[in-house]
Amino acid sequence: MNTNSHPEKIFIGVSWPYASDKIHLGHLAGQYIACDVFARYHRLKGNDVLMVSGSDCHGTPILLKAEKENISPEELVKKSHKQILETYKNLGLLYENYTSTMTENHKEVVHNIFLVLKERGYLYESTSQQYYDMKVNRFLPDRYVIGTCPECGNTNARGDECPKCGAYLSVEDLINPRSTLSDVKPELRETRHFYLDLKKLEPKLDKWMKESSKNWRKWVRESSKGWIRGGLKPRAATRDMKFGIEVPVDGWEGKVIYVWIEAVIGYLSAAIEWAQNIGEPSKWEDFWKDKDCKHFYFIAGGNTQFHTIIWPAELMGYSEKYGDDTLWEKYKLPGETKGEKLNLPFDVPSNKMLMYKGRKMSKGDSHMLTADELYEKYGADLTRFFFIRFAPENHDREFSWDDLVSTNNHELVANIGNFVNRTLTFAYSKFNKTVPNGQWDEGVKKNIDSTFKEVGECIEEVKLTKALQSILKLGDFANKYFNDRAPWIDIKGNKERAKDTLFNAIQLTNALRILLRPFTPFGCKKLSELLNIRDEYDANDVLVQKGLVEKNIDTWVYEEIEGEKELNKPEILWEKIEI
RNA sequence: CGCGGGGUAGAGCAGUGGCAGCUCGUCAGGCUCAUAACCUGAAGGUCGUUGGUUCGAAUCCAACCCCCGCAACCA
């Protein structure tokens, strides 16, 4: 059932996990749960949602890790991709298309964009000196060169920064440079690269950001403006490497497109792939060219400038092809029919960092807890609930097992779960396994309606923690209502009043079920069964490749459960954690 | 003086000009339908520091202190 007569179009781009390892808790806190809650809400509301992402498969760290494990980079990527999908499935993270940067389609779209940017003069060639390791036959990114810090004499300063004195260094400043890959002294060699001319796009970016960033989170907006204020520098768009998407220009063999120039293009290529998958190759234009389609990018702190500066810059430069007949004919994207510009980000709800033991989690030195560890121990709903309840939306947060246990026992279990259970067991045992036929209490009705309104507004503004708190407030209200009305006393002498109480308590239960669907879909699915509501929507039907994900039976307007409906035998939705 | 965020009760946080709030924890009481869950009440704060603007400042301005993130392919 879908009563939304004016569906909105919502495009959601989720930052691409790097296919070198499993998903860890920082990823969950950063974006992978928030995006799913947001998407589920909009689908529930009856909006057309296209949420895409994929595995980011290229780059030096994958190459090095593969070498270390003595497998090919392709094998490593394949393994990681599979693990990521498994985690998504377990947690019920649902995409219209989750793909990877290894597809032919992605390569084609990347080449198309690269060449248009080049033709429009946003990519220029330049040569520079870079360290080269003769032993492993490879150019070295700055961080793979260590040496003596010219400021403090620390002998283990990195090419970009001295960890001891904090000085920001240029790699050529290092005294006695050594390669971290082979420990040999690298030599400076001349190399040629393309650079993305961000300086040239700066005025356009500046204007766009001033107009568009008003609704962004403060820290995202301010730091993005700060980068522009500080002046944008050209960024290398290619690298000396063999693993990746080759540069589509003669004489550039052996070089690939820099992974962050390339990976963000995945938001577009994954939408194109989705359209092909559903057999309507032009369908992606509904999301990328309809000016009313809002684009949300769910990412985490460290990637902010790629989504507020670099990706918009690429899109702006690329969109100049639409004013040029020659380019338009020459560089059509797969399935492209309309000569309209591509949409820019509407919001980039980036989260801050989740800290673990005082510092951020990192794949680099295995300072992390994997998503699977948490899932295996506590299941999908609590994992999801926790990372929304304690999301680092505006500042960093320390991950804490105490918070996790506390929020489970006090909020998910005692507040919501217990209310549902006391209501259902009461109705089941005292009212002959049915919903008692009672009268609405106006206060209850009003509270349900205003909670739907408030939660909806919060989610649409991507204030998910606040949305969840609002739901918990309804849970508080529900428990208080039950307590104040004391139906266990009425049942002995004033059964009509008890009937009304339970009727309203059941409505509150059902309201909580719908409100929580985006957050804890598994428990809500179970609750549907207890309430004897037909619910074929599979909470972890992940990666629907064909068509938009099937819409829910529910809507975001509360519909009452009629009296005398039969109930199923109550069961516990969420278990308390004993310490 | 690189850019940015944060500093509010024991802990975690909300609060952007009008009586300092929420959750947990602590203490006391109530209830017994419910997963020892639920409800009521109490204690607990110099809102980082100093100065300024204002009838009025946690909130606006200035200076300073402390914590954190951002340069690499770190979410």
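Reader: What makes a stretch of chain A a helix or a strand, and how many are there?
Author: Helices are DSSP runs of H or I with at least four residues, and strands are E runs of at least two, numbered from the N terminus. Chain A has 19 helices and 16 strands. This is a predicted model, where local features need pLDDT of at least 70, side-chain atom pairs 80 or more, and totals for chains, interfaces and linings use all residues. Residues count from 1 along each chain, chains are lettered from A and ligands numbered from 1 as written, and side-chain values use heavy atoms, without hydrogens and water.

Reader: How do you know whether α13 is straight or kinked?
Author: Take α13, residues 371-389. The expected span is 1.5 Å times one less than the number of residues. For these 19 residues a straight helix would reach 27 Å, but the end C-alpha atoms are only 16 Å apart. The bend is the angle between axes fitted to the seven residues ending at a residue and the seven starting there. In α13 the kink is about 115°, centred on glycine 379.

Reader: What makes a residue buried, and what share of chain A is?
Author: Buried means under 20% relative accessible area, with a 1.4 Å probe and protein chains only. In chain A, 58% of the 579 residues count as buried.

Terms used
Buried means under 20% relative accessible area, exposed over 50%, partly exposed in between (1.4 Å probe, protein chains only).
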